[in-house]
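Here is a protein chain to explore together. Take a moment to look it over, then read the notes below with the structure in view.

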Amino acid sequence: MALIAYDESDATAFEANRHLDGDGLGPWREAIGRHLDPRPGMRLLDLGCGTATWTAAFRSWWPGVEVIAVEPSAAMRERAVAGPVLAGDAADIPLADGSVDGVWLSTVIHHVPDLGAAAREIRRVLKPGGAVLIRSAFPGRHEGITLCRFWPETITVLEQSYPSVAVIENAFGVSGSVVEAVTQVSAGSLREAAASLRREAHTLLQLISDEAYADGLARLWDAVSTEEGPQTDTLDLLVMR
């Protein structure tokens, strides 16, 4: 079972709170482009696409690339900003063998209950030599994540509930993968981030206690009055072949 079911409430919060604008997307476009080498005729799978914002971005950046979106949650599919979005999940991808050149998973790998089954299914649909690109937070690499700064309890959640790079590599049967830290602008300011925050949109916040959440929210609003400039986060891009 996924850490969050993404029912109507979760999907609504995600839709309102989990989208990057141009400043946030720019560093990811550069990082993904370095490892994927997008070209006309390529087929890219956006697996666990949520509301398909990455699908929309990929189609805008690389018009010659065919992007296929797959999402298990009906509530998220209903809110998709780009379509069509196929029903499916990491263990049951509705695509033919060897039919895609790359697979993209953004902040979804911690929701996959059976990494071994997912790895086998991803390998099935991926062409030989194709890239698997995973955007995520990973245990031991939380220093640049704003949520972990104001809610230190989320570090424990990250360590206990999210798969490490080594665990993912083991599931895929690879080693020596590329791990690139990517810093994004998540909001125009800390105040903007605080004002738009929805607990339901963040796995890390859903898995801490109500008391811990309230304490962290108070720390966040205390910092709003003293901190200026864009609010940034650093997540990782794991690339496997």
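This briefing walks through a few strands, helices and loops, one topic at a time.

This is a predicted model, where local features need pLDDT of at least 70 and side-chain atom pairs count only at pLDDT 80 or more, while totals for chains, interfaces and linings use all residues. Residues are numbered from 1 along each chain as its sequence is written, and side-chain values use heavy atoms, with hydrogens and water left out. Helices (H or I, at least four residues) and strands (E, at least two) are DSSP runs, numbered from the N terminus.

**Strand 4 and its neighbours**

- Let's start with strand 4, where 7 of its 7 residues are buried (buried means under 20% relative accessible area, exposed over 50%, and partly exposed in between, with a 1.4 Å probe and protein chains only).
- Strand 4 pairs with strand 1 (residues 43-47) in the parallel sense over 3 bridges (two strands pair if DSSP finds at least two bridges between them).
- Trp104 in strand 4 is the bridge partner of Asp46.
- Strand 4 also pairs with strand 5 (residues 126-136), again in the parallel sense, over 6 bridges, and here Val103 has Val132 of strand 5 as its bridge partner.
- From strand 4 the chain passes through helix 5 to strand 5, a right-handed β-α-β crossover (right-handed if, with the strands pointing away from the viewer, the path from the first strand over the helix to the second runs clockwise).

**The loop into helix 5**

- Thr107 sits in the loop between strand 4 and helix 5, and its phi is near 45°, a positive value in a residue other than glycine.
- Thr107 counts as buried because its relative accessibility is 18%.
- His111 is found in the loop between strand 4 (100-106) and helix 5 (115-125), and it counts as buried because its relative accessibility is 9%.
- The side chain of His111 makes a polar contact with the side chain of Thr203, at 3.4 Å (a polar contact is a pair of N or O atoms within 3.5 Å; within protein, one must be able to donate a hydrogen and the other to accept it, and residues adjacent in sequence count only if both atoms are side-chain atoms).
- Asp114 caps the N-terminal end of helix 5, with a side-chain oxygen 3.2 Å from the backbone nitrogen of Gly116.

**Helix 2**

- Helix 2 (residues 22-36) has 15 residues, which should span 21 Å at 1.5 Å a residue, and its end C-alpha atoms are 20 Å apart, which agrees (the expected span is 1.5 Å times one less than the number of residues).
- Which residues of helix 2 are buried? They are Gly24, Leu25, Trp28, Ala31, Ile32, His35 and Leu36.
- Just after helix 2, Asp37 takes a positive phi of about 55° although it is not a glycine.

**Helix 11**

- The buried residues of helix 11 are Ala212, Tyr213, Gly216, Leu220, Ala223 and Val224.
- Seen down the axis of helix 11, they fall within an arc of 115°, so they line one face of the helix.
- Asp210, Glu211 and Asp222 are exposed on the other side of helix 11.

**A cis peptide bond**

- The peptide bond from Gly83 to Pro84 is cis, with omega near -5°, and Pro84 lies in the loop between helix 4 (74-78) and strand 3 (85-87).

Notes
Arc of directions from axis to C-beta.
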